[in-house]
Amino acid sequence: MANAARIGLTAIRSGSDLLGVLSMKQFFTSFAKDECGAITVDWVVLTALVCTLLAAGYGLMESATTDTAGATSDYMTDWSF
């Protein structure tokens, strides 16, 4: 399958007729069945999800932390040590 894709790419690079070597339907079928790099896509999607969740969590925690720090500061203003 990978060999058929290489033949198609070679035909495109050399300028010859792609339909003589590999039809578009065959090319897309072999491309869809080829699993090379599938695990890479899985890791990229998983990493993007984790980064998105971390960014959302940081946004929630940042505002809550600022509010808590402000309230603590207001509460402790009149304290003397």
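Guide: Start with a definition: a residue is buried under 20% relative accessible area, exposed over 50%, and partly exposed in between (1.4 Å probe, protein chains only). This is a predicted model, where local features need pLDDT of at least 70, side-chain atom pairs count only at pLDDT 80 or more, and totals for chains, interfaces and linings use all residues. Residues are numbered from 1 along each chain as its sequence is written, and side-chain values use heavy atoms, with hydrogens and water left out.

Visitor: Is Leu54 buried or exposed?

Guide: Leu54 lies in helix H4, residues 38-76. Helices are DSSP runs (H or I, at least four residues) and strands likewise (E, at least two), numbered from the N terminus. The relative accessible area of Leu54 is 59%, so Leu54 is exposed.

Visitor: How many Å² of accessible area does the nonpolar patch with Leu54 have?

Guide: Patch members have over 30% relative accessible area and no salt bridge; like charges are joined within 9 Å, nonpolar side chains (Val, Leu, Ile, Met, Phe, Trp, Tyr) within 5 Å. A salt bridge puts a side-chain nitrogen of Lys or Arg within 4 Å of a carboxyl oxygen of Asp or Glu. Areas come from the Shrake-Rupley method with a 1.4 Å probe; for residues, only the protein chains shown count as cover. Ile39, Trp43, Leu46, Leu49, Val50, Leu53 and Leu54 together come to about 740 Å².

Visitor: How many disulfides are there?

Guide: Cys36 is exposed because its relative accessibility is 66%. Cys51 has 46%, so Cys51 is partly exposed. A disulfide needs a pair of cysteine sulfur atoms within 2.5 Å. By that rule, the count of disulfides is zero.
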